[in-house]
Amino acid sequence: MERIDLLLTGIGSLVTPVGNAPRSGHAMNEIRRIPEAAIAIRDGLIVFVGPEAEVLSGLKGAQIAETLDARGCLATPGLIDPHTHLVHGGSREHELPLKRAGMPYLEILAQGGGILSTVQATRAASEEALYEKAYRSLDIMLLQGVTTVEAKSGYGLSLEDELKQLRVAKRLGETHPLDVVSTFMGAHAVPAEYKGRSGEYADLVCGMLPVVAEAGLAEFCDVFCEQDVFTVAQSRRILLEGLRCGLLPKIHADEIESLGGAELAGELGAISAEHLLAASDQGLRMLASTGVIPVLLPGTSFNLGLNRHARARDMIDAFHLPVALATDYNPGSCPSESMQLVIMLASLNLKMTPEEILTACTINAANAIGRGAGIGSIEVGKRADVALFDAPNLAYLPYHFGINHTFGVIKNGQAAVWNRQIVKPRTSFGEAMT
């Protein structure tokens, strides 16, 4: 007799992209809608999804361990945040007066603030303190409907401290309900002790890469390719060394100046290029021709008070790119773990449709971290990661802003959030952890 671990009923409407591949251009608007839906789950995977009457009919005679009533909620794939700086020490609210006075970010960095301020705090923090701080942030993300998050290092800027951050991220992935995907970003800034010697520091980063790869602490390598940080040539060298060590390239590209970061991402066939506020048309064409996913971070431009944003409409309509969205959660330019804020800002400032936003936060985000085959859509055979929102339809999420719509989160086939509260993790259904 068929066994079902969890039957999720009472879904008011289920909305999801379909397939494993990233959705590009106008196809980002193509989503599947199922009113009055149900989902059957076994061993953490979706085994049946469709109209509730059809699912119940197909499960006649099945042994169902647990049934949960979604109470008319909107169901989407679990949200995926493919760009964060999760593990870090301290905070930087003291920089607010400088930012509000109009001081550019690169000037704050040049004065020892910005990333370098967080480097000091991160180096001073114990591994346990970093773990506890980041765990609390993951709880916030989970309550926002997020089920998978990417975490970059880059606040250590020495081998010892970069490894410390990466060990914390690994431990978080093993102990928190969310999946944590790690990116090594030793080339996030030039540390104070290497000021004026960025080439020497780039050499040091290249030396870190084999150690990081051998330890199995990261899947990706990222570089902040930007004026007064790392040049295109330095970024290329670091990313190529990362590739040689088995770490796939990502790149912080053209956030402030059109330096050629997008072109470099296309040249190397990076899995993603991120920020892209100043990316050139040629850079965007190269991303499109090589399948690089642009990861846009509208919370950052919003928080920095910029009068320009990433050209999402051009990317989708003219260049037919598979846009993804992320928070860029970090203590400086975007101190927010809220993907629901990103959803609103993508609608307001990036002019994206609700369907495009859903695609960008799910299947495209999954592909930006190499996970499209397993997550990012609600389909048979995929992991049962589902977000349930107290909303009548998809457009309601960006429309009714400033609140948390999450009612429940199913993670790996188990309720991780229910009735707006985090559920104590279980080793298996019905078995509480001791």
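The model is predicted, with local features needing pLDDT of at least 70, side-chain atom pairs counting only at pLDDT 80 or more, and totals for chains, interfaces and linings using all residues. Numbering starts from 1 along each chain as its sequence is written, and side-chain values use heavy atoms, without hydrogens and water.

Start with the whole structure, which holds three cavities of 30 Å³ or more. A cavity is a set of points, on a 1 Å grid over the protein atoms alone, where a 1.4 Å probe fits but cannot get out; lining residues have an atom within 4 Å of a point. Points are joined across faces, edges and corners, and the volume is the space filled by probe spheres set on them.

Next, select Thr76, Leu79, Ile343, Pro354, Ile357, Leu358, Cys361, Phe389, Leu394, Leu397 and Pro398, the lining of the largest cavity. The space inside is about 70 Å³. This lining has 10 nonpolar residues, one polar and no charged.

Now show α14 (354-361), which gives the most to this lining, four residues. α16 (396-399) also supplies at least two. Helices are DSSP runs of H or I with at least four residues, numbered from the N terminus.

Colour domain 1 (3-78 + 374-422) and domain 2 (79-369): both give residues to the lining of the largest cavity, so the cavity lies between them. The bounds come from an automatic or database domain assignment.

Finally, select Pro77, Gly78, Ile80, Thr147, Ile375, Gly376, Ser377, Arg383 and Asp385, around the second largest cavity, of about 40 Å³. Three of these lining residues are nonpolar, four polar and two charged.

Methods
On a 1 Å grid over the protein atoms alone, a cavity is a set of points where a 1.4 Å probe fits but cannot get out, and a pocket is an open set with protein on both sides within 12 Å along at least five of seven lines; lining residues have an atom within 4 Å of a point. Ala, Val, Leu, Ile, Met, Phe, Trp, Tyr, Cys and Pro count as nonpolar, Asp, Glu, Lys and Arg as charged, and the others, Gly among them, as polar.
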